[in-house]
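Visitor: I'd like to learn how to read a model like this one, feature by feature. Could you walk me through it?

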Amino acid sequence: MVVFAEIFENVVLDGIFAAIAGIGFGAVSNPPRRAFVYIAILAAAGHALRYVLMDYFSFDIATASLFASFTIGMGSLLLGRAAYCPMTVLFIPALLPMIPGKFAYNMVFSLIMFMHSLDVPEDKRHFLEMFFSNAILTSTTIFMLVIGACLPMFLFPSIAFSITRRK
């Protein structure tokens with residue numbers, strides 16, 4: 001019972017922090033006020049799902065991001081009519097907390113360290129491997145985020161393009 005409570009607490013906290021970040025990213029793009037609640041819900045649901053898939057089901061970050069972004073895309077398709085906003089207004093700020101910033105930072109850091117260690121072949125090789133490893137992981141994860149979020153638009157085009165239309 002204690003383990004379940006701890007897992008639940010971790011998932012909820014992850015969702016809350018993602019919701020706060022999603023609201024912050026949403027504020028930058030200036031959506032209507034009614035959209036902020038939906039952005040927060042989508043960011044929390046997507047990030048919490050990715051957290052659960054990675055930590056409790058041993059998914060890699062790219063695959064977990066694909067499923068989480070698909071969830072955000074489907075959620076923006078369903079919540080878009082209630083928010084009276086296009087899908088992109090909802091899912092782009094909700095996806096931004098899932099950008100793998102740690103790996104992108106390590107990619108740039110390893111590139112800089114590679115440039116500083118041109119005289120030491122062992123260090124140069126190490127930083128070059130680190131650069132490509134982080135670059136592949138970062139680009140694959142971002143690609144999966146885009147695919148997962150856009151897939152609902154292609155699966156349900158009549159719904160996606162009629163969200164802001166009155167019947």
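Guide: We'll go from the whole chain down to single residues. Keep in mind that this is a predicted model.

Visitor: What share of the residues counts as buried?

Guide: The cut-off to remember is under 20% relative accessible area for buried. By that rule, 37% of the 167 residues are buried. The accessible surface comes to about 9,900 Å², and carbon and sulfur atoms hold 73% of that.

Visitor: And which separations account for the contacts?

Guide: Take the contacts with a separation of 6 or more: residues 24 or more positions apart account for 72% of them.

Visitor: Let's zoom in on one helix. How far does α5 reach from its first C-alpha to its last?

Guide: Compare the end-to-end reach with the expected span. Helix α5, residues 101–116, has 16 residues and reaches 23 Å, close to the 22 Å expected.

Visitor: Which residues of α5 are buried, and where do they fall around its axis?

Guide: The buried ones are Asn 106, Ser 110 and Phe 114. Viewed down the axis of α5, they fall within an arc of 75 degrees, so they line one face of the helix. Those buried residues pack against α6, residues 121–155. On the other side of α5, you'll find Tyr 105, Met 115 and His 116 exposed.

Visitor: Now a single residue. Is Ser 69 buried or exposed?

Guide: Check the relative accessible area, then the neighbours. Ser 69, in helix α3 (residues 61–83), is buried because its relative accessible area is 0%. Leaving aside residues up to four places away in sequence, Ser 69 touches Leu 95, Met 98, Met 144, Leu 145, Gly 148 and Ala 149.

Visitor: What about the surface: which residues form a nonpolar patch?

Guide: That would be Phe 4, Phe 8, Val 12, Leu 13, Ile 16, Phe 17 and Ile 20, with about 720 Å² of accessible area together. Pick out Val 12, found in helix α1, residues 2–29.

Visitor: Why does Val 12 count as partly exposed?

Guide: Because its relative accessibility is 35%, and partly exposed lies in between buried, under 20%, and exposed, over 50%.

Notes. Residues are numbered from 1 along each chain as its sequence is written. This is a predicted model: local features need pLDDT of at least 70, side-chain atom pairs count only at pLDDT 80 or more; totals for chains, interfaces and linings use all residues. Side-chain values use heavy atoms; hydrogens and water are left out. Helices (H or I, at least four residues) and strands (E, at least two) are DSSP runs, numbered from the N terminus. The expected span of a helix is 1.5 Å times one less than its number of residues. Buried means under 20% relative accessible area, exposed over 50%, partly exposed in between (1.4 Å probe, protein chains only). The arc is that of the directions from the helix axis to the C-beta atoms. Contact means heavy atoms within 4.5 Å. Patches are made of residues with over 30% relative accessible area and no salt bridge: like charges are joined within 9 Å, nonpolar side chains (Val, Leu, Ile, Met, Phe, Trp, Tyr) within 5 Å. Accessible areas come from the Shrake-Rupley method with a 1.4 Å probe; for residues, only the protein chains shown count as cover. A salt bridge is a side-chain nitrogen of Lys or Arg within 4 Å of a carboxyl oxygen of Asp or Glu.
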